[in-house]
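These are my notebook entries on a single chain. I set down what I looked up, entry by entry.

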Amino acid sequence: MGKKITRKPPNYPFWFGGSASCMAAFCTHPLDLIKVRLQTMPRVPGAQVSMVGTFFNIVRHEGPIAVYSGLSASILRQATYSTARFGVYAKMKQHFSPNDEKLPFLKLSAMAAVSGWIGGAAGNPADIINVRMQQDRANPPTQRRNYRNAIDGIVRMTREEGVNSLFRGIWPNTLRAALMSTCQLATYDQFKAQLMKLSFFEDGLVTHFSASLMSGLVATTVCSPVDVIKTRIMTSHDSHGIVQLLTDITRKEGVSWMFRGWVPSFIRLGPQTVLTFIALEQHQKVWRWMHNDRQQ
């Protein structure tokens, strides 16, 4: 009898996740900007604030191109944060499952959380600049930072506020990144595996779309409170700690602050998650085609 051959899963390049995320971020950046504006907008009793109204308010007062404010920082954030988290997650899966056997969800979640924490720390400086550049035009002229681009923002922040400023909000940011990665990476793998058990799903675009949409819904809901805290800390001109911030916003806004901006968050994160995983799957498909072609 012939010896059974065990085929190892492909060893994809580390940067695939970051590349796919950058592509998705370019498409969804205006939605991310609206989410940040809604999360940081002062609450006025009786005022009706909507995502559509915020969008048209930005276009009317700042110009159409303003919806892409901070794009360079958004791309830099994905190039650091997502490259690290997707890359570490893929390497950990390869290490713990060298023969591509199915891993339990809890183990996938733990690996996703660790990779997300690493990615959050790696992308923290770019994340601060991203939030600040998106919010900057909404600030009074005397409070605007006027960063020219992401690199200029990091250089100026380091020079004007010290090196420690690059790690401002790192704890809520890494917590959010760990939650986000667990809700995106682990749940995507789990949803995809469950869908593939059904006869009318195969490893194709419909399955990738469905699994990524469901993981985006989970990620938005779980990460919303941490996302609001992270945004408030990064845009603040004060140096209050997390406890003080939580006390202040709960006293002023009640517990509803935890899901403030949820709709634009999902409208952004849903397409962001879908586009990221579809782009990642296509990266891998092309790589497998090129790899197999060389083997022939």
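**Entry 1: a loop residue.** I looked up N146 and found it in the loop between α4 (105-136) and α5 (150-161). Helices here are DSSP runs of H or I with at least four residues, strands are runs of E with at least two, and both are numbered from the N terminus. N146 is not a glycine, yet I read a positive phi of about 55° for it.

I note the basis of these entries: the model is predicted, local features need pLDDT of at least 70, side-chain atom pairs count only at pLDDT 80 or more, and totals for chains, interfaces and linings use all residues. Residues are numbered from 1 along each chain as its sequence is written, and side-chain values use heavy atoms, with hydrogens and water left out.

**Entry 2: the nonpolar patch.** Which residues form a nonpolar patch on the surface? I list V114, W117, I118, W171 and I242, which together have about 490 Å² of accessible area. A patch takes residues with over 30% relative accessible area and no salt bridge; nonpolar side chains (Val, Leu, Ile, Met, Phe, Trp, Tyr) are joined within 5 Å, like charges within 9 Å. The areas come from the Shrake-Rupley method with a 1.4 Å probe, and for residues only the protein chains shown count as cover. Helix α4 gives the most to the patch, with 3 residues.

I then checked W117, which is found in helix α4. W117 counts as partly exposed because its relative accessibility is 41%. The classes are buried under 20% relative accessible area, exposed over 50%, and partly exposed in between (1.4 Å probe, protein chains only).

**Entry 3: the two domains.** The domain assignment gives domain 1 (18-34 + 52-168) and domain 2 (170-274); such bounds come from an automatic or database assignment. Taken over C-alpha atoms, the centres of the two domains are 13 Å apart. I find 34 residues of domain 1 in contact with 31 residues of domain 2, contact being heavy atoms within 4.5 Å.

How much area do domain 1 and domain 2 bury between them? I have about 2,800 Å², 57% of it on carbon and sulfur atoms. Buried area is the accessible area (1.4 Å probe) that two parts lose on being put together, summed over both. Between domain 1 and domain 2 I record 1 salt bridge, that is, a side-chain nitrogen of Lys or Arg within 4 Å of a carboxyl oxygen of Asp or Glu.

**Entry 4: salt bridges.** By this rule the count comes to 8 salt bridges. One of them pairs D189 with K93, the closest N and O atoms being 3.0 Å apart.

E62 forms a salt bridge with R37, also at 3.0 Å between the closest N and O atoms. E62 lies in helix α2 (residues 51-62) and R37 in helix α1 (residues 16-40), so this pair ties together parts 25 residues apart in sequence. E62 is partly exposed at 22%, whereas R37 is buried at 6%.

**Entry 5: a network.** K192, D203 and E281 are linked in a network of salt bridges. D203 and K192 meet at 3.4 Å, N to O. D203 sits in the loop between α6 (170-196) and α7 (205-235) and K192 in helix α6, 11 residues apart.

E281 forms a salt bridge with K192, with the closest N and O atoms 2.9 Å apart. E281 lies in helix α9 (residues 262-295) and K192 in helix α6, so the pair ties together parts 89 residues apart in sequence.

Are the members buried or partly exposed? D203 counts as partly exposed at 46% relative accessibility, K192 counts as buried at 16%, and E281 is buried at 8%.
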